[in-house]
Amino acid sequence: MAVESYICAIVLILAAMVIALRNLRKSYETAEGRLEVLRGINLDLGAGERVALTGESGSGKSTLLHLVAGLDRPDSGQIVIGGRDISKLNDRERAAYRRTEVGLVFQQFNLVPSLDVAANIAFHAKLAGRHDTKWESELVERLGIGALLTRFPEQLSTGQQQRVAIGRTLAARPGLVLADEPTGNLDEANGDAVLELMLSLSKGTGSTLLLVTHSQRLADRLDRQVHLRSGKLE
Amino acid sequence: MTMWIAATALLSHWRRRPLQLGALLSGLALATALWSGVQAINAEARASYARAAAVLDQNGLAHLVSPNGRAIPQSAFVWLRRAGWKVSPVLEGEYRFGTTRLRVIGIDPLTMPAETQTVDLGNDEDLLSFITPPGTLVVSPETAEKIRGQTGLALRVSDRMLDGAAFIDIGLAQRLLRRDGELSRIVIAENQRPGLEPLGKLVPTLSVREPNAQTDVEHLTESLHLNLTAFGFLAFAVGLLIVYSTIGLAFEQRRPTFRTLRCLGVSLRRLAVLLLAELALFAVAAGAVGVAIGYLVASLLLPGVAATLEGLYGASVPGTLSLRPEWWVSGFAIALAGTLVSSAQSLMRLMRVPLLAAAQPQAWGRSSEKGRRLQVLAAAALLAFSGALLLWADGLQAGFGALGCLLLGAALLLPAVLSGFLTLMQRMSSRALVTWFWADARQQLPGLSLALMALLLALAANVGVGTMVSSFRLTFVGWLDQRLAAELYVAARNEGEADRLRAWLATKVESVLPISSVDAEIRGQPMQIFGVVDDPTYRKHWPLIVGMPNVWDRVASGEGVLVNEQFWRRERLRIGDRLDLASEWKATVVGVYSDYGNPKGQVMAGINALITHYPHVSRLRYGLRVPPDQVADLRSNLSDEFGLPAENILDQAALKEQSRRIFDRTFLVTGALNIFTLGVAALAMFSSLLTLSEMRLPQLAPVWATGVTRRDLALIELLRTLVLWLATFIAALPLGLALAWVLLAVVNVEAFGWRLPMYIFPYEWVRLGLVALAAAVVSVFIPLRRLAGLAPSELLKVFANER
């Protein structure tokens, strides 16, 4: 009976964890030979937790984020999200996972160039089947991009593009938001403003946030920090 | 050394992009091939006309001709010789030797100026046999084969002679053609004694035709050569679009290399020289391949063109191609010029753009709003100009001008029309992926517009020319049924046999329709006058376009004549106009009939009137009306009774089949050019899609990251290409029909003198659509395969911060 209770407790803890990475490894073929980028990563993130992932250039931050986002497959190890190992999913299932459960914000090339701002914001939410005009209007207002709705990405400044990208991600109400240097192209003031928005909105939606950044100043503002060095977490 | 290192850096771009290099070289080679191929055909045909003019018409010298086209009395020649002028008489006409019709040219070898002596009568014996009965015909080896055994005249074969023509002594020619005392023209030698009385005073009724004036054949065939040139130019332009697009992208992609080279001390001038040298190298390589393919294309097409020229204009052109050095040089020149024109904009941009400006391969594929507006304005102006030409201008050049403006205007308008359609579809859609589908198609449009314009032109040319040829064929077949109403056609070998034949046939057939004609000059044009009997066959079947009431009674009475459509249009005749048919014969035009495929004007008169005014008219050929079931018996009886060879007795079906075969052969070349143009358009599409596929990742990666599989993205890409293809195909249909209308109602009327009704052939559109669809699928196949098999790491590079 004691053993059963123990197992139940473990299952409940795991379910509460949004992300559980177990012994994750990833390498790439390069001109100089095989390059091991991630060397056995173990990491847990709780629901609604906001974690900063820091590290030097080439330490494997983006690779780790791409694996969690289901954009790429690990060589070995597990990526358990909501109790399901997404590294075992096929191409179509991983696409469905990205569509319905994850929101991505990159440093650049975030937006669909052929759609205007309004269509970009609604794009992911519509694909996920969670299109909500009221919520989108609220986001637009809070992001301060109401005047930009008919513009195309190429007509926006980098800061404006990042605001739209955040709007698009949050409009779909994903359980997990993954951001790769979202303020990397912005000056300090703009970067702060964008991050502030992101933190406050993701808190409002209850999303878990994993944010890759070089900046210690930004990392300090999140709930927790993990540091990656040469493919391993410190 | 610096130059060499810089050149290596520039050329390394192509090593990494072999498909791009392939598109550039093949576009240039194809453009050169089709252009130089068509030029080779035209040059060969024109050289042949020039040779014919020099040999047969003594075109290098001035001539005295009758301004009203009538015969010149021989006394004029005698008068001029007596006045001391070095002149020589010529008489021309057509004469039938058995079943072979020849252009007979009577000359006087004793007075003919040495520079135009084409008949080698080196010794006295040859000269004597040429000028004394029975006389000698000088013909080409091919002609000699055809008429051997069909004439009592001796045959002398000359390699310098052209097929279908024969030289003969002028006295014999006058007897053969029954034109005693008549001359067609008088050749004037170049060197004359000084102090002669002016020609204007001696023979005031004659006029001088200057040397090297355009011949009738050159004039007649001008339309076909213009047509071929237009096709060649279309294909050339389509090929250059590929080159323009590839060079533009390559320059944009290499801008970082340019920047680095400049930073390392390579001057702008040196960089421009290197790029020009690189382009020249490509032009020479592609030009060599293009000229070789062009030679192949010309060799393949020339027999078809020769058949067209023979069938439509009676112009004889050899079916084999000679290698002309000027043609090779012009092929390379056009390749170089094409490359330079296509790269001019990129080179200019290189010279103007600041050293540190960033490369924008994505922006390269887009055009500015201002550019688009200008394009629409240019299209509207061209379409308006085309309409104005059709409404108010005359002539073949105006017809082709209208066609060119119409095609170019429509092509320029296409991107705007497609953009409007895609915007509308985007507005009508609400689902995310569907909205993106239309929006992304619209964004791709500028990058694809050159290829789509090429596709539109190729498809419209196919629809237009196809509709024209099929309408022509349908009309022609119906017309043949009317025109070849007699069940059997028979030709006697001489007048005595013809007399016996007529007497024998009188009781054997329902009616005998003589086919008798003479050559004459009416209103300054070489014409044929046919004599017809009053028979119900004509009343019932003859293809009249317009006519007075009781037209056949008027023809039978000799008071009226019918004229063919081409003569009617050329001379702008009206019903009721009077024509001079012979010195004492004037008749009224009472009707007009269609006469397709005949380059000459023709008049039909009552047989009795014809015999009265031309008593020596040949009466060897007859059409026979018999019940169809008796045709075979009659044929064998004719053969038994008169020993006529098979080629002298032809039945209706055989004649129709022969005519249809000639018709189909005539338009073979058009079909081949259509396929070539479509092929080049498909290559343009392939090249553009391939080029775009390299730039597509930033557009596709965000959609993929948001949860759309690579397979679905590839399918969407295929669907998008097919939608753009379908929209272009639909746009090509009305344009093709407009093209067909201009060809049928304007160009054909100007070029041939006949107007044809237009028919619609939807089945042919479906066939063309399927061919074009196959080309579109093939052209999208490689880019799609590349996309579907793209590794996630490639897509992820788009988002990488180090990018």
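I note at the outset that the model is predicted.

**Entry 1: helix H24 of chain B**

I then examined helix H24 itself, which spans residues 697-705 of chain B. Its buried residues are B:Leu700, B:Ala701, B:Pro702, B:Val703, B:Trp704 and B:Ala705.

**Entry 2: the contact between the chains**

I next looked up how many residues each chain gives to the contact. Chain A provides 29 residues and chain B provides 26 residues. On the side of chain A that touches chain B, the elements giving two or more residues are helix H2 (61-68), helix H3 (91-100) and helix H4 (117-128). I sorted that side of chain A by class and recorded 14 nonpolar, seven polar and eight charged residues.

**Entry 3: a sheet in chain A**

I found an open sheet of six strands with mixed pairing, in the order S6-S7-S8-S3-S9-S10 (chain A). Strand S6 (102-105) and strand S10 (232-233) each have a single partner strand, so one side of each is left without a neighbour in the sheet.

I followed S6(A) to its partner, strand S7 (residues 176-180) of chain A. The two strands run parallel and are joined by four bridges. Within this pairing, A:Leu104 has A:Leu178 in S7(A) as its bridge partner. I also located helix H6 (residues 158-171) of chain A, which lies across S6 and S7 of chain A. Its direction makes an angle of about 175° with S6(A).

A:Asn23 belongs to strand S1 (residues 17-30) of chain A. Is B:Asn550 buried or exposed? I counted 12 other C-beta atoms within 10 Å of B:Asn550, so this residue is exposed. A:Asn23, by contrast, has 13 C-beta neighbours inside 10 Å and therefore counts as partly exposed. The cut-off that decides this is 12 or fewer for an exposed residue.

B:Asn550 also has a positive phi, of about 55°, without being a glycine. I placed B:Asn550 in the loop between strand S14 (544-547) and helix H18 (551-557) of chain B.

Notes
Residues numbered from 1 in each chain as written. Chains lettered and ligands numbered in written order. Predicted model: local features only at pLDDT ≥ 70, side-chain atom pairs only at ≥ 80, totals over all residues. Contact = placed C-beta atoms within 7 Å. Nonpolar A, V, L, I, M, F, W, Y, C, P; charged D, E, K, R; others polar. Pairing = 2+ DSSP bridges. Axes fitted to C-alpha atoms, helices over the stretch in contact; angles between N-to-C directions. Buried ≥ 20, exposed ≤ 12 C-beta atoms within 10 Å, placed from the backbone.
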